[in-house]
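Let us walk through a protein model step by step. Keep the sequence and the 3D view side by side.

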Amino acid sequence: MTAAPEPRKDGMASEEMVWPDELFLDLDRNGPVPLYFQVSSRLEAAIRSGAIPPGSRLENEIAIGQRLGLSRPTIRRAIQELVDKGLLVRRRGIGTQVIQGQVTRQVELTSLYDDLRNSDKEPSTTVIKHAVIPATDLVANMLGLPAGADVLYLRRLRSTDDVPVAVLENYLPPEFADISPENLEARGLYQILRSRGVGIRIAQQKIGARRAQRDESRLLGIDKGGPVLTMERVAYDNTGRAVEFGHHCYRPDLYGFETTLVAK
């Protein structure tokens with residue numbers, strides 16, 4: 001069996017991952033445990049141990065089946081088990097890729113950038129749009145500005161381990177228009193605001209779900225019109241002034257919200 005490819009300097013495999021020879025040597029082809037489950041369990045153990053690192057791309061189902069002497073439906077079911085657990089994702093044009101589990105976000109006043117960092121993941125950002133535009137009635141109302149006032153509009157794609165997780169859209173008052181795209185690609189928005197002395201103290205937030213719209217399916221690598229989680233938030237500084245209005249959508253197989261409920 002072919003040895004694993006040399007990782008890139010960033011630690012990610014640059015080609016399809018071929019696992020260590022010993023990973024499937026002990027498959028029991030005549031025992032009571034289904035073969036798909038044996039394959040799935042061994043792949044899961046290799047992913048969780050780091051033997052198959054985050055970002056690695058697996059071979060296609062046909063190639064895996066041929067090398068293991070197993071049918072394509074068996075391999076497909078084994079891989080689907082790990083997709084359902086959030087350890088693998090299928091990306092159109094790329095194939096099946098490893099992602100170390102779903103990011104779970106506490107329903108707290110944090111940013112996605114901070115949540116990814118706190119989950120030991122390395123966030124990356126692509127700025128899709130950065131422009132000063134007239135505020136719509138909705139945006140003006142959310143930010144406490146006159147209708148038509150200038151606001152900074154941001155649209156960004158946030159990824160982790162080279163896998164897209166969320167499309168982020170934000171509107172900020174005009175004094176923040178000098179925040180550059182380069183700064184946004186290097187740091188989180190809340191991190192930038194904190195560095196400018198903005199203390200975000202309270203927010204109003206709404207969590208929901210809908211189907212992907214416009215180019216969201218393509219950006220997130222999901223089926224056209226597939227489901228996405230949504231979050232809308234207005235954040236206020238310690239004087240009570242609105243400093244940010246955002247509405248974001250997230251891949252539900254890679255991201256979730258978590259809260260603790262206490263009885264009164």
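The model is predicted, so local features need pLDDT of at least 70, side-chain atom pairs count only at pLDDT 80 or more, and totals for chains, interfaces and linings use all residues. Residues are numbered from 1 along each chain as its sequence is written, and side-chain values use heavy atoms, with hydrogens and water left out.

Start at Glu-59. It sits in the loop between strand E2 (57-58) and helix H2 (61-68). Helices (H or I, at least four residues) and strands (E, at least two) are DSSP runs, numbered from the N terminus. Glu-59 counts as buried because its relative accessibility is 12%. Buried means under 20% relative accessible area, exposed over 50%, partly exposed in between (1.4 Å probe, protein chains only). The side chain of Glu-59 also makes a polar contact of 2.4 Å with that of Arg-67. Such a contact is a pair of N or O atoms within 3.5 Å; within protein, one must be able to donate a hydrogen and the other to accept it, and residues adjacent in sequence count only if both atoms are side-chain atoms.

Now find strand E10, residues 227-237. Nine of its 11 residues are buried. Two strands pair if DSSP finds at least two bridges between them. E10 runs antiparallel to strand E9 (residues 200-211), joined by 11 bridges. There, Gln-205 stands opposite Arg-233. Eight bridges join E10 to strand E11 (residues 242-250), also antiparallel. Glu-232 stands opposite His-247 in E11. The hairpin of E10 and E11 has four residues between the strands, and Gly-240 takes a positive phi near 90°.
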